[in-house]
Amino acid sequence: MQDYNDLFYLIYQPIVNIKNNGTLEILEYEVLLRSQDKRCFPNKKFNEILSSPEKHQMFMKWYFEKLNDVLVRNENINLAINIHPLQWKETIIFDFFYKLKEFSNRIKIELTEHRNFIEFDLDTVFKSRYAELVMLGYNFVIDDVGNGTNDIDFVIKHIEQVSSIKFSILPFRDIKKETLILFIEAWFRLAKQFDKEFVVEGIECKIFSSCLLNMGIRLQQGFLFGEGKSHVASSKKKNFFNFVFINLGSVECLLVF
């Protein structure tokens, strides 16, 4: 277990609802895995873990202990937990969430995208796991819509099974703002058509955040909301969270320990 503590740490990034008076309500925190050495997602190391059932099982045990500790100590927070498409074929995922079932009403399961070819029927496997986990009270989110496995076809097939969809602006940084707004508006309309929450993530500046607000998009996520005491949720418990800022290249992010 100590090996994974040496390799990884977790960041909890707030997902906020911006109210009419401009105040922020933290709805939940997305749990982000980071490497101790590069301070970014450990893509290579994580793929190695997924390729080994033994390593995957050890990792999920470490992951469970970290999240369980946070949820036990902090009764007023909700978490969004990312699950890689390749993880759905492993039964360890059901075991992982079964152990967390007492917190299921405080957890959303995010279906992350994957750009490479998957050698199994993701739709069939997900439906099987979904049926098991929804009975335990979990809600699901489709993350990074429009990318990789989370294309429009996958979203339409499963939109009735999820509570919300998320659009990240990060893959679209090189296109014109006007074009990006059209992409966002299309996904926003789709979410409204099916009465689903819609979150835009990757927000790093107030100008773009205000632009989204003018479109009626109040649920936002990004480094913009991980800065300043006013964005830290309160709790009656003295040991709620210890917040520090760490440098992740060109931006700051909120670290919980």
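Leaving aside neighbours within four places in sequence, T23 is in contact with N17 and I18, where contact means heavy atoms within 4.5 Å. T23 lies in the loop between β1 (8–18) and β2; helices (H or I, at least four residues) and strands (E, at least two) are DSSP runs numbered from the N terminus. The model is predicted, so local features need pLDDT of at least 70 and side-chain atom pairs count only at pLDDT 80 or more, while totals for chains, interfaces and linings use all residues. Residues are numbered from 1 along each chain as its sequence is written, and side-chain values use heavy atoms, with hydrogens and water left out.

**Overall**

- The protein has eight helices and 10 strands.
- Of its 257 residues, 50% are buried; buried means under 20% relative accessible area, exposed over 50%, and partly exposed in between (1.4 Å probe, protein chains only).
- Among contacts between residues at least 6 apart in sequence, 67% join residues at least 24 apart.

**Helix pair α3 and α4**

- Helix α3 (residues 53–73) and helix α4 (residues 92–99) have axes that come within 10 Å and cross at roughly 15°; axes are lines fitted to C-alpha atoms, for helices over the stretch in contact, and angles run from 0 to 180 degrees between N-to-C directions.
- The two helices are therefore roughly parallel to each other (angles under 35 degrees count as roughly parallel, over 145 as roughly antiparallel, 65 to 115 as roughly perpendicular and the rest as oblique).
- α3 passes α4 in a right-handed crossing; a crossing is right-handed if the near helix is turned clockwise from the far one by less than a right angle, and left-handed if anticlockwise.
- On the α3 side H56, Q57, M60, Y63, F64 and L67 take part, and they meet I92, I93, F96 and K99 in α4.
- This contact of α3 with α4 divides into seven nonpolar, two polar and one charged residues (Ala, Val, Leu, Ile, Met, Phe, Trp, Tyr, Cys and Pro count as nonpolar, Asp, Glu, Lys and Arg as charged, and the others, Gly among them, as polar).

**Helix pair α7 and α8**

- Helix α7 (residues 177–193) packs on helix α8 (residues 206–214) at an angle of about 45°, with the axes 12 Å apart.
- That angle makes α7 oblique to α8.
- The crossing of α7 with α8 is right-handed.
- K177, L180, I181 and I184 of α7 meet F208, C211 and L212 of α8.
- By class, the contact of α7 with α8 holds six nonpolar, no polar and one charged residues.

**Strand residues**

- K108 is in strand β4 (residues 107–111) and counts as buried, at 13% relative accessibility.
- Not counting residues up to four places away in sequence, K108 touches E28, L79, A80, I81, N139, V141, S163, S164 and E197.
- L24 is in strand β2 (residues 24–35) and is partly exposed, with a relative accessible area of 24%.

**Loop residues**

- T23 is partly exposed, with a relative accessible area of 38%.
- R39 lies in the loop between β2 and α2 (43–50), has a positive phi near 60° although it is not glycine, and counts as partly exposed at 35% relative accessibility.
- D195 lies in the loop between α7 and β7 (197–201), also has a positive phi, of about 60°, without being a glycine, and counts as exposed at 70% relative accessibility.
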